[in-house]
Amino acid sequence: MNPLMQRLFHTVRDGLFIISRQGHVRFANEAALRLIPSRLGEPINNNQIARMVGGATAGHLSVPHIERIQLGEECLVADADTIQAHLLASPVGTDFVVVLYNLTEDQFFTAAIENLAQLVERECRVPMDQLDEALGELVASVDDADEQRRIGSVRGRVAALGQQLAEQLGRLSALATLSHGHAICANDRIVVRDWLAAECHRLRAVAMERNVTLLPLAGDDLPPLYGSERWLGRALHEALDNALKYAPSRSEIAVKAVHLNGFLRITVRNGGAGVMAPALRQRLMQPLYRGRNARERKEQGFGIGLPVARQIIALHGGRMQIEQQVENDFTCVIELPAGAPSPAEGQLDLEQAKRYARDLARLMERRRTAAAVTGSTS
Amino acid sequence: MKKIILIVEDQADIRKLIRMTLEFGDYELHEADNGVGGLRMLEGIKPHLMLLDVMMPGELDGFQVCERVKGDARLASTRVVMLTARGQQTDLEAGNRAGADAYLTKPFSPLELIDTVDAMLEQQAAETV
């Protein structure tokens, strides 16, 4: 291999092996050798990868192929016990390329973020509540009415800050949970009209403060949604919260749901200022990205809300994007499959099939007995 | 006269099993794989009983179909048995609101299915006499 290419591969963080069809190591970068110490020109020092290569060579296994591998004590990377091996056909020649991802490391980081978010949420929420309570006692202990109002207003500001902090921590926690590969398994039945109205109602205080009206528009004949009410509620909340940040004062945010080609299309439309190129609109969906408008206006938030919302929608089989038809007209579009998820082929549960077979036999027996009784009495 | 049963269920396997079970009885069976299709068939066949899946993809789920059936005076005597994989309290409440006559929670047994269908049809016959 070209020395420049070799140097490049050695800088890659993930492990990379090039293995011949006979199972011999032709190249390994430094990360790969730390995970699975092996010698060039000799068989790969891992039975599972050797079997993968052997299977692919014999045609029993089609590439690309992915397997999870538990590493033994030979691994030189501290705390790496699980890796994912991707077996690919080499772009040149007949060799195979094996890419190794250190899952333990990824799991460690995502678990650490999740733990941190939970810790901060718990550790901050309790002291904030206690502080609010203490300020309440302070307000009550003051005799002078003017002074009481003044301290009362400070208490209100502290409570609002606490609320904002809790909101941000909730977002961080959601981002960590979703990036951890959390599966959303709930199948709550969500009546769209009620759902839109409830989420708009939840944000009424923020809307009033910003002098903006949230206007839910949905008919009662729409198909329901099936999914996690809690997670979908967070997604819609983020879309509404984002719209509220950029809607001009004394404007309306129309939150509309329609049924279109098997999907529920929910649009959150606000008259936010300016024009944004399509590429930049897509970047709003990337974690920690903030648009220029957000930076200039020093709006709160760190580019977490919309990415979290997009991921939740994607996990429900839908999609979310920002559209802008004309200047000063931003629309967040959420599309979710209407009704229940389509069943996969052959979804009949094995237990159910066994139960059916057993009970059908009993049913036949019951019919035979009934026929015999009828025969003997006639 | 054979009693007419309409099965509205999106999963083909489950539809087949229901049909196989009900073929033990003397029923005229019809099938639809979604709510809209089921509603279209109602007008023509006027079933005595509907076996209606709750969770169906598309425009109408089981509760919405049930609501429409129960809201149509021409189908007042049609019994509706909801088939659900969920059996949650909120589902039972939604089913009651929609006017469902009975519930079968998946995976249900063929014996349970036959017994429920027979009981519902007897009740229906007694009321329409």
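How many bridges join strand β1 of chain A to strand β5 of chain A, and do these strands run parallel or antiparallel? In this predicted model, five bridges link β1 (residues 15–19) with β5 (residues 96–102), and the two strands run antiparallel. Strands of a sheet pair through backbone hydrogen bonds, either parallel or antiparallel.

This pair belongs to an open sheet of five strands in chain A, with the order β2-β1-β5-β4-β3 and antiparallel pairing. The edge strands are β2 (25–28) and β3 (65–70) of chain A, each of which pairs on one side only. Neighbouring strands of the sheet are turned by 25 degrees against each other on average, direction ignored. Helix α3 (residues 47–58) of chain A lies across β1, β3, β4 (82–89) and β5, and runs at about 160 degrees to β3(A). The loop between α3 and β3 of chain A holds Pro64(A). The peptide bond that leads from Val63(A) to Pro64(A) is cis, with omega near 0 degrees. For comparison, most residues other than glycine have a negative phi, and most peptide bonds are trans.

These elements are part of a longer list. Chain A has 12 helices and 12 strands, and its 378 residues include 39% that are buried. Among contacts in this chain between residues at least 6 apart in sequence, 59% join residues at least 24 apart. The accessible surface of chain A comes to about 21600 Å², with 53% of that area belonging to carbon and sulfur atoms.

Another open sheet of five strands in chain A has the order β7-β9-β10-β12-β11, and its pairing is mixed. Strands β7 and β11 of chain A stand at the edges with a single partner strand each, so one side of each is left without a neighbour in the sheet. The twist averages 20 degrees from one strand to the next. Helix α8(A) lies across β7, β9, β10 and β12 of chain A, at about 25 degrees to β10(A).

Asn211(A) is found in the loop between α7 (204–209) and β7 (213–217) of chain A. Its phi is positive, at about 60 degrees, although Asn211(A) is not a glycine. With a relative accessible area of 39%, Asn211(A) is partly exposed.

Which residues touch the most other members of the largest nonpolar core? Among its 44 residues, this place goes to Leu214(A), Ile253(A), Val268(A) and Ile334(A). Several elements of chain A supply at least two residues each, including α5 (145–179), α6 (192–202), β9 (252–260), β10 (263–270) and β12 (330–337). The largest share, eight residues, comes from α8(A). The surroundings of Ile253(A) can be followed residue by residue: leaving aside neighbours within four places in sequence, its contacts include Val212(A), Leu214(A) and Leu215(A), then Ala243(A), Leu244(A) and Ala247(A), and also Val268(A) and Asn270(A).

Two cysteines of chain A are also hidden from the surface. Cys200(A) is buried, with a relative accessible area of 6%, and Cys332(A) is likewise buried at 6%. A disulfide is a covalent bond between the sulfur atoms of two cysteines. The structure holds zero disulfides over all chains.

The accessible surface of chain B comes to about 5500 Å², of which 48% belongs to carbon and sulfur atoms.

A positive phi is found in chain B too. Lys46(B), a residue other than glycine, has a phi near 40 degrees. Lys46(B) sits in the loop between α2 (35–45) and β3 (49–53) of chain B, and at 42% relative accessibility it counts as partly exposed.

Methods. Residues numbered from 1 in each chain as written. Chains lettered and ligands numbered in written order. Predicted model: local features only at pLDDT ≥ 70, side-chain atom pairs only at ≥ 80, totals over all residues. Heavy atoms only, no water. Pairing = 2+ DSSP bridges. Helix = DSSP H or I, 4+ residues; strand = E, 2+ residues; numbered from the N terminus. Axes fitted to C-alpha atoms, helices over the stretch in contact; angles between N-to-C directions. Contact = heavy atoms within 4.5 Å. Core = buried A, V, L, I, M, F, W, Y, C linked by side-chain atoms within 4.5 Å. Buried < 20%, exposed > 50% of the residue type's maximum accessible area, 1.4 Å probe, protein only. Areas by Shrake-Rupley, 256 points an atom, 1.4 Å probe, with all protein chains shown as cover. Disulfide = S-S within 2.5 Å.
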